[in-house]
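Please find below a short note for discussion of the model.

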Amino acid sequence: EFGVGKTTIAQKVFNEREIERHFDRRVWVSVSQTFTEEQIMRSMLNTLGEASAKDDANELLKKINQYLLGKRYLIVMDDVWSEDVVWWQRICQGLPKGNGSCIIITTRIEKVSRKMGVKEVRIHRPKFLNEDYSWLLFRKIAFAASDGNCIYPDLEDVGKEIVEKCKGLPLAIKAVGGMMLCKTPYYREWRRIANHFRDELIENDNSVMASLELSYDELPSYLKSCFLSFSLYPEDCVITKEQLVHCWIALGIVD
């Protein structure tokens with residue numbers, strides 16, 4: 001399920017201090033929809049060491065093995081989509097075995113995890129947030145200025161109505177909560193947002209997309225142009241602030 005928190009849970013584990021002390025090497029790879037076997041291996045080597053531009057897949061895999069040999073390692077393959085896992089079988093066979101190493105895979109397609117060799121007992125399925133936790137998450141974001149407390153009694157019911165439409169998906173709740181943080185705390189404004197929420201998308205179980213679309217619709221026009229410029233970059237691309245500002249200047253969005 002998109003937006004249920006798979007990557008967030010994996011990041012929490014990956015960055016835990018105890019995990020950091022336990023493993024000699026930790027590698028995070030964002031796989032996503034568009035990738036090649038070579039790109040994945042080069043991404044791994046960016047964390048472990050260096051790779052020559054002339055290295056082919058065999059040489060890349062050999063170097064990965066050398067960097068991890070004798071080490072206890074943690075590898076996260078995040079957001080795997082493709083059911084064709086030949087690339088993974090090749091990489092997995094080239095990894096050193098033993099030493100208490102661990103591999104975590106996140107995917108929204110259960111068949112992918114099974115094809116990658118994950119046993120049923122090892123599969124963790126994140127659950128949707130219940131009503132109380134959904135409201136708690138929303139409050140922490142939308143009412144951050146008051147330490148997560150709703151100090152406006154007339155906003156509580158309409159706020160819970162907005163949260164209900166997010167269907168327990170953390171990403172949707174965070175997106176809408178961040179938007180409401182920037183809104184004036186007036187009932188009329190919050191009621192307008194609740195009514196504007198894309199009900200037809202909600203009915204099709206797309207509450208994440210509905211919340212993101214709503215957040216975009218509520219942006220002022222000059223910020224919409226800035227936001228759309230992100231479509232120029234590949235998925236999971238790391239963008240520096242300087243690069244982004246230069247892009248906006250080149251597009252004539254900012255002076």
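**Notes on domains and selected residues**

1. The chain is divided into domain 1 (6-122), domain 2 (131-218) and domain 3 (219-254), with bounds taken from an automatic or database domain assignment. The contact (heavy atoms within 4.5 Å) takes four residues from domain 2 and five residues from domain 3. This is a predicted model, in which local features need pLDDT of at least 70 and side-chain atom pairs count only at pLDDT 80 or more, while totals for chains, interfaces and linings use all residues. Residues are numbered from 1 along each chain as its sequence is written, and side-chain values use heavy atoms, with hydrogens and water left out.

2. Between them, domain 2 and domain 3 bury about 380 Å², of which 55% is on carbon and sulfur atoms; buried area is the accessible area (1.4 Å probe) that two parts lose on being put together, summed over both. Of the area that domain 2 buries against domain 3, 94% is supplied by Tyr 216, Asp 217 and Glu 218, more than by any other three residues.

3. On the side of domain 2 that touches domain 3, the residues divide into one nonpolar, one polar and two charged. Here Ala, Val, Leu, Ile, Met, Phe, Trp, Tyr, Cys and Pro count as nonpolar, Asp, Glu, Lys and Arg as charged, and the others, Gly among them, as polar.

4. Lys 183 lies in the loop between helix H9 (170-181) and helix H10 (187-196); helices are DSSP runs (H or I, at least four residues), numbered from the N terminus. Lys 183 counts as buried because its relative accessibility is 17%, where buried means under 20% relative accessible area, exposed over 50%, and partly exposed in between (1.4 Å probe, protein chains only). Leaving aside neighbours within four places in sequence, Lys 183 is in contact with Glu 189, Trp 190, Arg 192, Ile 193 and Glu 218. Glu 218 is also one of the three residues named in point 2.

5. Ser 113, in helix H6 (residues 110-115), is buried, with a relative accessible area of 7%. Beyond its neighbours within four places in sequence, Ser 113 is in contact with Thr 107, Val 118 and Ile 123.

6. Leu 136 is found in helix H7 (residues 131-142) and, at 29% relative accessibility, counts as partly exposed. Leu 136 and Asn 149 are 13 residues apart in sequence and 9.2 Å apart in space, C-alpha to C-alpha.

Definitions and conventions. Helix = DSSP H or I, 4+ residues; strand = E, 2+ residues; numbered from the N terminus.
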